[in-house]
Each structure stands twice: as C-alpha cells, then as structure tokens.
Amino acid sequence: MGPLLVFAALIAAALLLVYRLLRTSHGKTLHAPKSPAVTGAEKDPYNDIRSLPADFDWAATPPLKVWPFKPKYHLSMALENIDVSSFIEIDNTYRDRMRIRRSVMDEHRQATLQCNSVAGPAVLEFYDWMLSTYLPRRFPSIYKPVVTPSGPHLHNTVSGTDLPVRSTSPMAALETLGEHVDTDFLFLLPSSTAPDGSPIYHLQAFVTCFPAGFSTREKCGKPLATIHAPVPGYVAKLEKSMDRFFARIEIGKMVRRSNWSISTNDRLFSDGGNHMYADTEQGKPIETNNKTLDVGQPDLDRKIEEQKRDVVVEDCRLRCERQTLHRLPKTKALVFAFKTYLYRLDEVKEEGLGPVLAEAIEGLGKGSVPDMAFYKRGVVWGEKVGTYLKS
Ligand code: HEM
C-alpha cells in the first residue's frame, strides 16, 4: 500500500468516525428530523379522521354500554381526552332514532332548535366539517359523497336521502344534523367576561332532540353557571374549574365524559320531570318548568309519596349520555355534543351489574354532594329500582 493510499484510508476512517459521532449522542441514536407531514404538531386532527371499515354494518353494531356509575357520587368534571375520530357513535338504533328525531323536531320545533345570530358562522363551520370531512371519512358505508344537479351532496344510505354539503342557513344546517346524526349539539361562545377578564361561555345555538328533563330554549343565551344553576354543588365544586377549562381548551383537543340517571319512562325527549330542584347554594331562585316537582311546595312529602307509588319498575330506564367537547378551528366556538343511551333495567341485570347499579343509587346521597339523590329524583324511584336490581 503506497503512502497516498494509506493517507486516503486514514481520511476515510476519520470521516466515518465523525459521522458516527454525529449520529450518536450519549449512546442514543439521533433520529433524522421527522417530515412535517408526520409530526404531531403539523397534523390537523380535524382532517386526520380514521375510517371505520368500508363494510361497517351499523345494523349489527350494538349500542355502547356507557355505564359510568360509581359506588359513591362525587361531583367532578371527570373528563378524558379522546381521538377526534371517535367523536360520533352509530349503532343498531340509528334508523329508529332518525325517525324519532324527525318527529320530535316536528312536534317541538321551538324546544329542539335555535340559533342566535351570533352563532350562525359557528354552526355553518361545524356543518361544513361534518358533511364534507367527518361523516364521509368516518362512516364511508353510511355517508357517501355524490354530485347531484344541485351540487355536492352526502348520500345517507340508511335513510336514502341526499344532504347538501354546503348550507347557507344555520337553522337548516342544525335541522339536517338533528335528523341524520343521532347526537345533540350545543354551541357556546365567549359572550361575557369574568371580573378577571377571562371569557365566560354562553349557549348560543342548539339542536337537542333528547334533553334529559330540562328546557334547552330557556338555557339559550345563558352562561354555563346559569345553565347549571339547578345542579347541586356546581358553584362550589365545578364552576371555577369549568370556566377555566372552557376558556383554555385547545383546537384539536376533544374530551369526553358520561353521566347516568334513572328515568321513570322511556321517553327520549323530556323537557321536564326528570329532576327535582332545590334552592341554589346562593339562594337564588331557579327556573323550573311546570312538569318539575317544586321542592318549595307545602305538600312536598305527600307529592313524593304519590310519585313513588306511580313508579313502575318495568317502565324505568337507565339513562346515560356520552358527552364530548371541542373547539372549532375558525370561529373558535365550543361544541358540546351528547348521545343519549337508554337501557332496560333487566339488561343491566343480565350483565351481572344489578347490585353495582343498586349500590351507585344508594351512593348518590353518600358522595361529595348528597343532594344529588334529590336532584336526580332518586327519592322517588330509588327504593323500587334498587329492590328490583338486587332481586
Ligand atoms: C364538559 C363539561 C361539563 C361538565 C363537567 C358538566 C357537568 C354537569 C353535571 C355534573 C350535571 C348534573 C347531571 C349530571 O350528572 O350530568 C350537569 C347537568 C347539566 N348540564 Fe352540564 N356539564 C358540562 C358541560 C355542559 C354544557 C356545555 C352544557 C350546555 C351548554 C351543559 C348543560 C347541562 C344541562 C342543561 C344540565 C341539566 C341541568 C338541569 O337540570 O336543568 N353542560 N352538567
């Protein structure tokens, strides 16, 4: 080997060493920077929707068992992060639910639909995303993009209807969503400010076919605290953290929570009668409606006894909601969405969870807000339902 060759070999060895040193640091391999397309920060979670299989069969998909009951009821936000892809759930109740939703909107238009003008752009932004991105990507077997003589549409293969992908009217947009997605949607905007300058969110638009015993119309325009005024313990245990959370939730994040109660009938649309309202902690009067038992009435005990006698266990249902919250990227409005599940009590027993639910019913009055037993009307249905679940 000539001296020139030795010199060249030494240079090559030195270059290799430098290259290895650059590739390793403290024994760890340094990875090449990821391409912007695959970096989490660069991904748009509202576009990156995971598709269900092309042969997803809604009719063969049983409803989720959203059963969040615990031995003692502690009032907390209990939120968990979820992937945007799992925003909407569709199951074998879909066709029936579409029919019920349509007739509830026809019968109770004022109670189910409203859009204050300030929320129009948010409703249209959400509609546009749902029809052009989320629904066709997530459920390709149900919602198929088609072009009709009047422009791009989404063909709902279950109802056989073509839904316009663009809507110019927020009310029409809410109505289409209301009928074709088995989920209720509420839109919130920062419409007032707290003394420290932070935004307070108000309900400004909604399509709610299945309210669980409250009037959404009465709540529309109001801030979160007023909306939750009947909920015992809200001011002391939730108000501050909720306002903070709502002000800060980032674009691209989606959170979920669930609730449960017992209803004494199987009516999905209920704008009263599922709750009993006591005075708030601040002593302010609370809006009630004529179907709600007023705790201020002089013959309350007799009324409760009467209602207890009327409870028919076979008519009672476990009623749960799967709720989500996320922020729209353009208008920055918040969308609160919930899907309602009704389960027969024998279904809960068949799953072996009768005693667990019975314990949770007794636990309503044993947690951080004992008045929950009263608010959820447990004082009316608790005894009969508990006895049945334990039998
Ligand atoms: C994600 C944050 C939220 C939390 C942690 C929360 C918490 C609660 C809780 C604990 C209750 C009592 C019943 C139950 O156990 O669910 C309740 C009731 C209720 N919530 Fe919320 N909520 C949230 C968001 C919202 C939003 C955004 C709205 C509407 C814009 C809303 C509307 C209602 C209504 C209408 C009731 C029934 C009140 C009544 O009886 O009149 N909630 N909420």
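The residues that line the largest cavity of this predicted model divide into 28 nonpolar, 10 polar and six charged, where Ala, Val, Leu, Ile, Met, Phe, Trp, Tyr, Cys and Pro count as nonpolar, Asp, Glu, Lys and Arg as charged, and the others, Gly among them, as polar. Rolling a probe the size of a water molecule over the atoms shows where empty space is left. On a 1 Å grid over the protein atoms alone, a cavity is a set of points where a 1.4 Å probe fits but cannot get out, whereas a pocket is an open set with protein on both sides within 12 Å along at least five of seven lines, and lining residues have an atom within 4 Å of a point. Grid points are joined across faces, edges and corners, and a volume is the space filled by probe spheres set on the points.

The model is a predicted one, in which local features need pLDDT of at least 70 and side-chain atom pairs count only at pLDDT 80 or more, while totals for chains, interfaces and linings use all residues. Residues are numbered from 1 along each chain as its sequence is written, and side-chain values use heavy atoms, with hydrogens and water left out. The mean pLDDT (the predictor's confidence in each residue, from 0 to 100) is 87 for the protein, and 84% of the residues reach 70 or more. Over residues 15-40 the pLDDT is below 50, and beyond near neighbours in sequence this stretch has eight contacts in the model, a contact being heavy atoms within 4.5 Å. The pLDDT is also below 50 over residues 278-291, a stretch that has 25 contacts beyond near neighbours in sequence. Where pLDDT is low, the predicted coordinates should not be read in detail.

The secondary structure comprises 14 helices and 14 strands, with helices (H or I, at least four residues) and strands (E, at least two) taken as DSSP runs and numbered from the N terminus. Of the 391 residues of the protein, 46% count as buried, where buried means under 20% relative accessible area, exposed over 50%, and partly exposed in between (1.4 Å probe, protein chains only). Among contacts between residues at least 6 apart in sequence, 74% join residues at least 24 apart.

The structure holds two cavities of 30 Å³ or more, and about 930 Å³ of space lies in the largest cavity. This cavity is lined by 44 residues, of which H228, R257, N259, Q323 and F336 are the closest to its centre. Among the elements that give two or more residues to its lining are β8 (184-193), α9 (239-248), β13 and β14 (334-344), but the largest share, eight residues, comes from β10. The second largest cavity contains about 40 Å³ of space, and its lining consists of F87, I88, E89, T183, R322, T324, A337, F338 and K339. Here β14 gives the most, with three residues, and by class the lining has four nonpolar, two polar and three charged residues.

The largest pocket has a volume of about 370 Å³ and is lined by 16 residues, with P68, K70, H74, A78 and S258 nearest its centre. Strand β10 (residues 254-263) gives the most to the lining of this pocket, with five residues, and the lining as a whole has seven nonpolar, four polar and five charged residues. A78 lies in the loop between β2 (28-29) and β3 (80-82), is exposed with a relative accessible area of 56%, and has a positive phi of about 45 degrees although it is not a glycine.

Strand β10 also contains M254, which is buried, with a relative accessible area of 1%. Not counting residues up to four places away in sequence, M254 touches E80, N81, I82, D83, V84, F87, T324, L325 and H326. M254 and L325 are 71 residues apart in sequence, yet 5.8 Å apart in space, C-alpha to C-alpha. In helix α12 (residues 354-363), the buried residues are G354, L357, A358, A360, I361 and G363, and what covers them includes β10, β13 (317-327), α11 (345-350) and α14 (378-390).

Two loop residues complete the description. S270, in the loop between β10 and β11 (276-277), counts as buried at 8% relative accessibility and touches P211, A212, G213 and F214, not counting residues up to four places away in sequence. R377, found in the loop between α13 and α14, is buried with a relative accessible area of 10%, and has a positive phi of about 70 degrees although it is not a glycine.
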